[in-house]
Structures are given as C-alpha cells and as structure tokens.
Amino acid sequence: MAGESAPGLFPDLSLPDQSPSTGLFCQVALNRPMRCQYTYAVPEHMAEGLAPGMRVAVPFAGRRSVGVVVGLTEGTDIPAKRIKSVSDVLDPGPLLAQELLDLTEWMAAYYACSWGEALAAVLPAALKREGGRRTTAMLVAEDGVGPEQLVQLEERHPKQYRLLRTLLEVDGMIERKDILRRLGLSDSPAKSLAKRGWVRVENVESAQDDLLGGDASDRTRPDTLTPEQDASVVALEGQLDRGTYATFLLKGVTGSGKTEVYLRAIEYALAQGKGAIVLVPEIALTPQTVGWFRARFGNVAVLHSRMTDVQRLSMWRRVHAGECRVVVGARSAVFAPVPDLGVIVVDEEHEPSFKQGNVPRYHGRDVAVMRARKAGAVCILGSATPSLESWVNAEAGRYSLLELSSRVHGGPMPKVQVVDMRAEIAEVKRSVIFSRALIRRLKEALARGEQGILFLNRRGYSPVLWCRACGETVTCNDCSSPMNLHKRHGRLVCHTCCGESLPPTDCPSCTAPGLRFLGAGSERVEALLEEQLPEARVRRMDSDTMLRREDYEETLAAFGQGEIDLLVGTQMIAKGLDFPRVTVVGIISADSALHLPDFRAAERTFQLVSQVAGRAGRADLEGHIVIQTVAPEHHAIVQASRHDFETFAALEMGHRKELAYPPFGRLIRMVFEDEDEERGKDRAQHCAEVLRAQVAGPGLQVLGPAPAPFSMVRGRHRVHLLMKVGEQFTGADRVRSLMLELAHETGKTRVQIDVDPVGML
Ligand code: ADP
Ligand code: ZN
C-alpha cells in the first residue's frame, strides 16, 4: 500500500522544532534488534485515523525507516527536544489486526527479539519498505554461452563458475534471490557474469505461481467417514460451536484420513462465517496438497517461501480483504491476516522445519497454538508421530487427544524388515550399500510392474574422503564439515557453506597418495541401482537434481504416471507423497541421524523411519519396507519397525526425564560466532558468568560454554551455551531480557539466542 500514500503527497511539516505537537504520540516498532519501541510525535494533520497496526515512515538513525505503530498515547515523559515526528503515514487503515499485534508482542518477549523483528515475520517483504518492489529479478544464461565460457571461469573464478554452471543446468530463468541463497553466494558473482555479457537479469512483472495451476479435483468428498474420523469431527465441531480456544492433537497413522478431518473442520468453520489456516511443511506443499483444499473450498490462498514478493503481496491482500477465507502454506502462513479465524491446522506438527532458523526464531506450531488462543480459535495438530512436546501436553490434558488408529482402506500397516548391515557385510564378505533382501524386494516389485522408493539422508556421491595412511578425512577450509564428492561435477563440496574444490589425488595432511571415497550419498545410490537393476528406470530427487520447483513437480508427475520405476532421494521424498503403486520402500541407512550429538536424535530417527515407511502400500497392494541399519536393537528402530509410537514415546520420555531435557523443562541456547576464536570464547564465558551470577539457581542450569558440534562455519568459530529451564522455574522473562541485554553489548562476536531450539548443531 506504499503506492497509495506516496511520499511527497503531503508536505513534510514534521521537523520537531517547527510544528507544534498535537500532544498525540505513537510507539513505533522498527525491524531492528533493539530492546524497546521508539516514541514519535504525531503531527496534527496525521492524527486523524491513525491507529495501531498502521505503518509509518519515521526518521531513525539519520534515515527514513518504515515501522509499525503499536501504541498511541496522549503525551509522553520524554523531553520534547528529544522527540522526532512521524514523517508519513503509509496506510489508510490498520494492516494488522490487534490479534496479530498481540501475537507478535508475545513472540518478542518469548523468543527474545524486538517487537519490530517479530512483526517483520508477519508482513510481506514488499510492505516492509516503502515503494516495495513490483518486479522480481530473474537470472538467465545468455544464448550461446556454454562449456567454453565455463572453462574460462573454472580456475580463477570459482564462484562465477558455480553460478554459471548451475544456470546452464537449469536451462531457463530462475529467481536471483533463490539461486544465490541456495549456492551461498552474494550478489557479486552474478554482477560479474552480467558484466561479461554471459548472464542477463530480467525483471519480470509476476511469475506464474505453479501451486495455483494444479489440478483441483483429485480428491472427492467421501460420503461417509470412518467411525474414528466421525468421532474426531464431532469433537471438533462441538468445540467450534462453543466458539472458544482449544488445541486438539490428532494422532493418526499414515493413510488414516487425517486430511479429511481437517477438511471437515474447516467446512464447519466456513459455515460459521470464519476462516482457516493450514500449515504444512514446505516440502509437502505440492500442487497435490493444495489441490485437495482447492477442490473443496475453491478460493484458497497459498503462501510459501518460494513465492516472489509480488505474488506474496497480492495473496496477502486478498486474505486481508477477506476474499480468500482459507490459507494453505508453510511456516510463515501462521501469520496470514485471516479475519475471524476459526481453525488453524498444523499438519505433520512434529516437523523441525516449522522452526525458523533466523530472527525471529519462532516455532510455527507453538505460534499456531498461541494464535488460536488469542483468536479464540480451534487448533488441530496432526501427526502419525507426534512430537514428545505435544504428546506430553495431550497426556496432561492441555490438548485433547483424537486418534485414528486404522487406515481408511482397512489395509494392514506395511510389513517391515529390519536388516542388520553388520551381519550382511559379514555374510557377503564385502562392504555393500544394498542388502540382498532389499534387492530381492525391488526385483519382485519391478517384475510386477510396481514401484519403489529408496530413501537416504545425504546427497552427493560419497560423504567421506579418507586417507588410508594417516586416517584423516578431508574437510572444508572454512568449516569443520567434511567435503563430499559430487561426481557429476567432479568436485568436492562442503554441504555447510556450498564451497567447492577439486578432489586432491594425495592426502592434504600427510601427502600420501591413494585417498579413498567411503560411504554413499544419493548420487552413488542412483549409479549403483542403475548398475544392479539395469531394467529399472531410476530417477534421483534431491536438491542437486531438483533445482527448480518445476523439476520437483515434473518428477513427481512422471513417477505418478509410471514413467519412473524407482525414485531415489533425500528428505524431499519422505513427506506427503501418496502413490498407490509404490510397494517397496528402502531406507538405505536408518542410522545416519541416530549418532548426531543431539538429544532428539532418536526421536528424529523414529519419525523419519515411520514417515518413509508410510509411503508404501497405501492402496490395495501389499507394501514392504526394508530398513537397513547397523543398530537394529536401538529403540527408535525397533519401535518404528513395529509402528509403535506409544512404546517409543514411553521409552524416550524415560531418557529425557532423567536428563531434564524437553519436554521436561525447556532449553535456551546461545551461539557465539567469531572469526577470532579467543574473542568468541571470552564473550561466551562472560555471558555464562553473568547468567550464572544473576539468574541460575534451582530450576535453571547454565551449561557451557563449549564448542558447538559444528565448531566452525564459513570461517567463524562457534561456541555455545545451553540453559536448562525447569518446568517450575518462574523467572524465564528475566532470563530472556538479560540475554537480550548481553547479546546487544557491543563487540564483534555474533550472538544468537535460540529459545526452544530444534537443532543443537
Ligand atoms: P493421512 O493424511 O492420515 O496419511 P489421508 O488423509 O492421505 O491420510 O487419507 C488416505 C486416503 O484415504 C486418501 O486417498 C483419502 O482420499 C482417503 N480417504 C480419507 N477419508 C476417507 C473416507 N472417509 N472414505 C473414503 N476414503 C477416504
Ligand atoms: Zn564449508
């Protein structure tokens, strides 16, 4: 709406010493890391109609900045000389309802950030600055540019090389912001390539949103519900009739029809004249998923991270105006400005991707519950493998539990075979990636014209380059991460910073020749499958092969139409796919997440194995799951193979309770990053001491500082502190404000505060 009140439309009468103040002041939240809101005087001609939730332009640190009015007062204690005036009012009416203002105020306090930073998560990018961008910058390689140009860049300009190589692979236009983020690059390699005349930037008005083009009719409304679905819907409708807040945990095995329950609850809310938000993990946000909602409700707004700023703004406006009553989206859709919110659904509520990785580091699920509470709405958290946090809340009665324990089509849960890879290797007397059982199942399925999915949590060809002589492995120069071989590009790649190098022939540590590539990533699995099952049509699906969202959709469509027999992939294939002809699912190594230094390692493994296993045998065909592991006795693997969430949860809770880890108490993590190792450590040490002296005590433990598991990233050393906050501890607010104070002390060390972290690396 910046265009509707263009700067300059009103003469600027707001210089503090010229215009007499009306006595009206507003508190403005700015998107900066600061501890309070700033107060500005409101010039007389702007006072009328000014309300919280409207954006204003204000002078801040010598510049004009856009902020959101969060309060209005008749007077202030701040001396008149120090008060500046609002420069412009940017909106004709509030963009944000009181409910979203309250929600962001809570987020700022809870996640220890500024109110303005929390608001920045709510507003679409185009509304965060004046005259927001109307076009989207796309990059494309010029015609005729090819291998010849690549060779010229290879030696001396590795970043330009990487960018051009990727653009040539994309073979079309791709959004600049998106590709630079993916390759971990700044703008400068793109500029240099443009200067050479090899790449061009095109500013497009509005790219087509592929999520809205999907087929809207592939799931019809069933006439009857299963008894369990029916009971859940009755409970939800009852709550909607009461019109007050409640959260439900909908625990339903894969294929039990959770989506139909969401759809019915939303139907009911719409009939009451209310709106709804559905959050799904980014990766599950496919045309198929969106199609289910569009088939039922027609006008559905979609919000996701890969939308252009222009698309996002236009969606946001339609939701704000009440034109779209149902919003489906990834994490940030929890902030969609739906008026009269009736229902918020969080599907796959256990997913760690609901947590945002940068400020404000909020958890979409927890914000959804809080928003429902503030809006008097019903929150539905759905999962086959609920997070232990939600499970404990259900056990304690804070959430109501709804269960779908059987599959809609009555079929049994797929048979799971756990293969002990240590025994397998001992029997076949060599190191193998595929067990004999897995190959046999795949061959049988192929012979019947059925399909298979192979899951592996790692991309590239080989994750370890190992020297036999000295035992060292090759790591990135800038990170403590190993270098992975990507064979197609003939390069070693760091998965932390995206940096590349040529594979050395001799060990960089001891100069002995004969480095060996150990282990397998998706690229190697694909190659091995083609070798061992030449009759199969194999396709790999990971972020190296799926450069554009279209690639992902096209591959899934080809798989759905039976043009591909075996799909090999990473996380990308673990979620929400529903293909009736898939009868074999193989998990190449179920242990890859198990040994991470993270207290949730077992929970993640259980979730992942259960999730992947749910991809088989969803229709009338029998499904087989083969789980390869070197830890067949681990409770995560044992219980996942039995589809037994409750036993897993009970065992895991025992461990958590002993160590006072969530869901028994909470964690707050502080990460200190510095190029200078000692300086970073000192800063962390200082913070630890202050926290110990001022807030530690019964119910609050300060652990560390200690090197973070990823002890170096992009040339910065990383140290972290962990606070364990007991359930009974009451001073958490004081802890957060002290942390914020410590984080804002000037210094070169970067300090991050992460409340309820989902990862500890
Ligand atoms: P979940 O999300 O729990 O894994 P889905 O919602 O994907 O399960 O449902 C599995 C399948 O069952 C879908 O193909 C869906 O269309 C179908 N389905 C759901 N409910 C019913 C019902 N009451 N009658 C017939 N089919 C149903
Ligand atoms: Zn690196």
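This is a predicted model: local features need pLDDT of at least 70, side-chain atom pairs count only at pLDDT 80 or more; totals for chains, interfaces and linings use all residues.
Student: Let's start with the metal. Which residues coordinate the zinc ion (ligand 2)?

Tutor: Look for the donor atoms around the ion. Here they are the SG atoms of Cys-476, Cys-479, Cys-494 and Cys-497, at 2.3 Å.

Student: How are those donor residues spaced in sequence?

Tutor: Read them as a pattern. For the zinc ion (ligand 2) the spacing is C-x2-C-x14-C-x2-C.

Student: What arrangement do the four donor atoms around the zinc ion (ligand 2) make?

Tutor: Check the angles. Four donors count as tetrahedral if all angles lie between 85 and 135 degrees. Here the angles run from 107 to 112 degrees, so the arrangement is tetrahedral.

Student: Is Cys-494 buried or exposed?

Tutor: Buried means under 20%. Cys-494 has 1% relative accessibility, so it counts as buried. Cys-497, at 9%, counts as buried too.

Student: Now the helices. At what angle do the axes of α2 and α3 cross?

Tutor: Helix α2 spans residues 98-111, and helix α3 spans residues 115-122. Their axes come within 8 Å and cross at roughly 125 degrees. That makes α2 oblique to α3. The crossing of α2 and α3 is right-handed.

Student: Which residues of α2 and α3 meet?

Tutor: From α2 come Leu-100, Leu-101, Thr-104, Glu-105, Met-107 and Ala-108. From α3 come Trp-115, Ala-118, Leu-119 and Val-122.

Student: Why do residues three or four places apart point the same way in a helix?

Tutor: Think of the turn. An α-helix has 3.6 residues a turn, so residues at that spacing point the same way.

Student: How do α2 and helix α12 pack?

Tutor: Ask for the angle and the distance again. Helix α12 covers residues 364-375. It packs with α2 at an angle of about 140 degrees, with the axes 10 Å apart. That makes α2 oblique to α12. The α2 side of the contact includes Glu-99, Leu-103, Trp-106 and Tyr-111. The α12 side includes Asp-366, Val-367, Met-370 and Arg-371. α2 passes α12 in a right-handed crossing.

Student: Which residues of helix α6 are buried?

Tutor: List them, then find what they pack against. Helix α6 runs over residues 176-183, and its buried residues are Asp-178, Ile-179, Leu-180 and Leu-183. They pack against β7 (136-141), α5 (158-170) and β8 (174-175).

Student: What follows α6?

Tutor: Gly-184 does, and its phi is positive, near 65 degrees.

Student: And helix α16, which of its residues are buried?

Tutor: In α16 (residues 522-532) the buried residues are Ser-522, Glu-523, Arg-524, Val-525, Glu-526, Leu-528 and Leu-529. They pack against several elements, including α15 (436-447), β18 (451-455) and β20 (483-486). Also among these partners are β23 (515-518), β24 (538-541) and β25 (566-569).

Student: Which residues does Lys-251 touch?

Tutor: Leave out residues up to four places away in sequence. Among those that remain in contact with Lys-251 are Ser-383, Pro-386, Trp-391, Glu-403, Phe-645 and Glu-646.

Student: How far apart are Lys-251 and Ala-57?

Tutor: Compare sequence with space. They are 194 residues apart in sequence and 47 Å apart in space, C-alpha to C-alpha.

Student: On to the backbone. Which residue is joined to Pro-360 by a cis peptide bond?

Tutor: Look at omega. The bond joins Val-359 and Pro-360, with omega about -5 degrees. Pro-360 is in the loop between β14 (341-347) and α12. The peptide bond from Gly-704 to Pro-705 is also cis, with omega near 10 degrees. Pro-705 is in strand β29 (residues 700-713).

Student: What is the phi of Thr-511?

Tutor: Phi of Thr-511 is near 65 degrees, a positive value in a residue other than glycine. Thr-511 sits in the loop between β22 (500-501) and β23. Its relative accessible area is 60%, so Thr-511 is exposed.

Student: Is Asp-756 buried or exposed?

Tutor: Asp-756 has a relative accessible area of 14%, so it is buried. Its phi is positive, near 55 degrees. Asp-756 is found in the segment after β31 (750-755).

Notes
Residues are numbered from 1 along each chain as its sequence is written. Chains are lettered from A and ligands numbered from 1 in the order in which they are written. Side-chain values use heavy atoms; hydrogens and water are left out. Donors are N, O and S atoms within 2.8 Å of the metal (3.2 Å for Na, K and Ca); water is not among the atoms, so sites may look incomplete. Four donors count as tetrahedral if all angles lie between 85 and 135 degrees; four count as square planar and six as octahedral if opposite donors are over 155 degrees apart and all others between 65 and 115; anything else is irregular. Buried means under 20% relative accessible area, exposed over 50%, partly exposed in between (1.4 Å probe, protein chains only). Axes are lines fitted to C-alpha atoms, for helices over the stretch in contact, and angles run from 0 to 180 degrees between N-to-C directions. Helices (H or I, at least four residues) and strands (E, at least two) are DSSP runs, numbered from the N terminus. Angles under 35 degrees count as roughly parallel, over 145 as roughly antiparallel, 65 to 115 as roughly perpendicular and the rest as oblique. A crossing is left-handed if the near helix is turned anticlockwise from the far one by less than a right angle, and right-handed if clockwise. Contact means heavy atoms within 4.5 Å.
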